[in-house]
Amino acid sequence: MRILGRLVLAALGLVLAIPAGAGALSLLLVVDPTAQGWLLGGALAGLDAALPDLAAGLAPETMLIALAGLAQALFVLLVLPPFLVALVGETLGWRGLSWYGGACGLLTAALPWLVRGAPRPGGPAERLAAEAHLTAILFLAGAAAGLVYWLVAGRRADTDPAPRS
């Protein structure tokens, strides 16, 4: 019965942690002036690239493929880190705030560095500063998701009374 309770708490923790990470990421991207410039520049570049293609008669399926790629990237950034950290934490019994907040933040921040390979515009110093800034934003978003998971599923896990025989 205790295992079933832990599974329910873990599922509830993930259901709440994932939107918390998404909300934190959205808030950080909107509040941060540097990120606002990235969003505006990216949105304008995307609009500039999409309008001529749509006017030329590009099939609407292409837009669906682009949206599917965006959904996949958001899944990897927002769902995968809390799930993996929760799985490892529950399996190994690591239920501390530092584990959930720190590991989830570090994993979320490390993902863009792990999938590098595309050429980036700007000089090396500009790229490094922008990537460090984005890494900090992703760390905070991942740490927020880990904190919510810990509040729901990990905070009282070690204080539960021992099962009676």
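By class, the lining of the largest cavity has 6 nonpolar, 3 polar and no charged residues, where Ala, Val, Leu, Ile, Met, Phe, Trp, Tyr, Cys and Pro count as nonpolar, Asp, Glu, Lys and Arg as charged, and the others, Gly among them, as polar. This is a predicted model, in which local features need pLDDT of at least 70 and side-chain atom pairs count only at pLDDT 80 or more, while totals for chains, interfaces and linings use all residues. Residues are numbered from 1 along each chain as its sequence is written, and side-chain values use heavy atoms, with hydrogens and water left out.

The chain contains 6 helices and 0 strands, taken as DSSP runs numbered from the N terminus (helices H or I, at least four residues; strands E, at least two). Of its 165 residues, 25% count as buried, that is, under 20% relative accessible area, with exposed meaning over 50% and partly exposed in between (1.4 Å probe, protein chains only).

**Enclosed and open space**

On a 1 Å grid over the protein atoms alone, a cavity is a set of points where a 1.4 Å probe fits but cannot get out, whereas a pocket is an open set with protein on both sides within 12 Å along at least five of seven lines; lining residues have an atom within 4 Å of a point. Grid points are joined across faces, edges and corners, and a volume is the space filled by probe spheres set on the points. The count comes to 1 cavity of 30 Å³ or more, and the largest cavity holds about 40 Å³ of space. Its lining consists of G21, L77, L78, P82, C104, T108, A141, G142 and A145, with helix 3 (61–78), helix 5 and helix 6 (124–154) each giving two or more residues; the largest share, 3 residues, comes from helix 6.

**The charged network**

A search of the whole structure finds 2 salt bridges, each a side-chain nitrogen of Lys or Arg within 4 Å of a carboxyl oxygen of Asp or Glu.

| Salt bridge | N to O distance | Burial |
|---|---|---|
| R6 and E90 | 2.6 Å | both buried |
| R95 and E90 | 3.4 Å | both buried |

Salt bridges that share partners join R6, E90 and R95 into one network. In the pair R6 and E90, distant parts of the chain are linked, R6 lying in helix 1 (residues 2–31) and E90 in helix 4, 84 residues apart. R95, by contrast, is found in the loop between helix 4 (80–92) and helix 5 (97–114), and has a relative accessible area of 18%, so R95 counts as buried. The side chains of R95 and E90 also make a polar contact at 3.4 Å, a pair of N or O atoms within 3.5 Å; within protein, one must be able to donate a hydrogen and the other to accept it, and residues adjacent in sequence count only if both atoms are side-chain atoms. R95 and R155 are 60 residues apart in sequence, yet 7.2 Å apart in space, C-alpha to C-alpha.

**Aromatic pairs**

The structure holds 2 aromatic pairs. In one of them, the rings of W94 and W99 have their centres 5.0 Å apart and their planes at 70 degrees, so the pair is edge-to-face. Rings of Phe, Tyr and Trp (its six-membered ring) pair if their centres lie within 6.5 Å, with planes under 30 degrees apart counting as stacked, over 60 as edge-to-face and the rest as tilted. W94 counts as partly exposed at 42% relative accessibility, and W99 counts as partly exposed at 23%.
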